[in-house]
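Me: I would like to go through this structure slowly, asking at each step what a word rests on. Please set each value against its definition before you conclude.

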Amino acid sequence: MITPLLLWALRGALFLLALAMLCALARLLIGPSAQDRVMALDCLYINGMLTMLVLGILYASSVYFEAAMLIALFGFVGSTALAKFLLRGEVIE
Amino acid sequence: MTSGMLPWWVETLTILFVLAGAAFAAIGSFGLVRLPSFFRRIHAPTLGATLGVWCMTAATIVFFSAQGDHLFLHAVLIALFVALTAPVTTIFLMRAALFRERQKGGKVPSAASET
């Protein structure tokens, strides 16, 4: 079903995305300020969601879209809550 | 699901979009490590959140529409959701960073209400 060329392209894309997640993880660990770490976490969420989409093409299954949707949803909620916490010191006031 | 080989142009488009999306995400994340200050760094990941997500969505739509018999549009939901939420997160984070930098007495513009 999937030709070798497409298979290798998908593997290359997964490699690039893993590299991107490593970069975001490095910024998450060394980030000098708290807002740097929140931004790195947000970037990590986006990269993880893109990885889910590539895996969905690789295994030709649409189950991965729900997972990608959930990752995007929780990433948004988490980043917004953290940014609100940095701004106010409280998440819900 | 129809069996058999995909047309060559479907495969080419999928490869192009997948590799472009992954490359955009990698460049954006690399900028996150490379750029010197927070206010420069906040620009970098938006490359992955816009072009990366849209390219990957296009690849998904092309691949699954050719594989199934009908147009596959579920992935547009993800791209639309990210397009709606990424600016909100970035604005919140930017305001928080400005607020904290002002509290520390850093060299940032003062709040609009104070001037």
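Reply: A helix here is a DSSP run of H or I at least four residues long, a strand is a run of E of at least two, and both are numbered from the N terminus. The model is predicted, local features need pLDDT of at least 70 and side-chain atom pairs 80 or more, while totals for chains, interfaces and linings use all residues. Residues are numbered from 1 along each chain as its sequence is written, and chains are lettered from A and ligands numbered from 1 in the order in which they are written.

Me: How do you know what span α2(A) should have?

Reply: The expected span is 1.5 Å times one less than the number of residues. For the 25 residues of α2(A) this gives 36 Å, and the C-alpha atoms at its ends are 36 Å apart, so the two values agree. α3(A), with 26 residues, reaches 38 Å from its first C-alpha to its last, close to the 38 Å expected.

Me: Why is α2(A) called largely enclosed?

Reply: A residue is buried if 20 or more other C-beta atoms, placed from the backbone, lie within 10 Å of its own, exposed if 12 or fewer do, and partly exposed in between. Of the 25 residues of α2(A), 19 are buried, and therefore the helix is largely enclosed by the rest of the structure.

Me: Why does A:Leu73 count as partly exposed?

Reply: A:Leu73 lies in helix α3 of chain A and has 15 C-beta neighbours inside 10 Å, so it counts as partly exposed. From A:Leu73 to A:Glu90 there are 17 residues in sequence and 21 Å in space, C-alpha to C-alpha.

Me: Which residues of α3(A) are buried, and what do they pack against?

Reply: Among the buried residues of α3(A) are A:Tyr64, A:Ala68, A:Ala72, A:Gly75 and A:Ser79. The buried residues of this helix pack against α2 of chain A together with α4 of chain B. An α-helix has 3.6 residues a turn, so residues three or four places apart point the same way.

Me: What makes up the largest nonpolar core?

Reply: Such a core is a set of buried Ala, Val, Leu, Ile, Met, Phe, Trp, Tyr and Cys residues joined through C-beta atoms within 7 Å. The largest one has 57 residues, and those that touch the most other members are A:Leu17, A:Leu50, A:Leu53, B:Val18, B:Ala22 and B:Ala59. Two or more residues each come from α1, α2 and α3 of chain A and from α1, α3 and α4 of chain B. The most is given by α2(A), with 13 residues.

Me: Which residues does A:Leu50 touch?

Reply: Two residues are in contact if their C-beta atoms lie within 7 Å. Leaving aside residues up to four places away in sequence, A:Leu50 touches A:Leu17 and, in chain B, B:Gly21, B:Ala22, B:Ala25, B:Gly52, B:Val53 and B:Met56.

Me: How many residues does each chain bring to the contact?

Reply: The contact takes 43 residues from chain A and 44 residues from chain B. On the chain B side, α4(B) gives the most, with 16 residues. That side divides into 30 nonpolar, 10 polar and four charged residues, where Asp, Glu, Lys and Arg count as charged, Ala, Val, Leu, Ile, Met, Phe, Trp, Tyr, Cys and Pro as nonpolar, and the others, Gly among them, as polar.

Me: What radius of gyration does each chain have beside that of a compact globule?

Reply: The radius is taken over C-alpha atoms, and the globule rule is 2.2 Å times the number of residues to the power 0.38. For 93 residues a compact globule would come near 12 Å, but chain A has 16 Å, and for 115 residues it would come near 13 Å, but chain B has 20 Å. Along the principal axes, the C-alpha atoms of chain A fill a box of roughly 55 × 25 × 10 Å, and those of chain B one of roughly 65 × 25 × 15 Å.

Me: What confidence does the predictor give?

Reply: pLDDT is the predictor's confidence in each residue, from 0 to 100. Chain B has a mean pLDDT of 87, and 93% of its residues reach 70 or more. For the complex, the predictor gives an ipTM of 0.88 and a pTM of 0.89.
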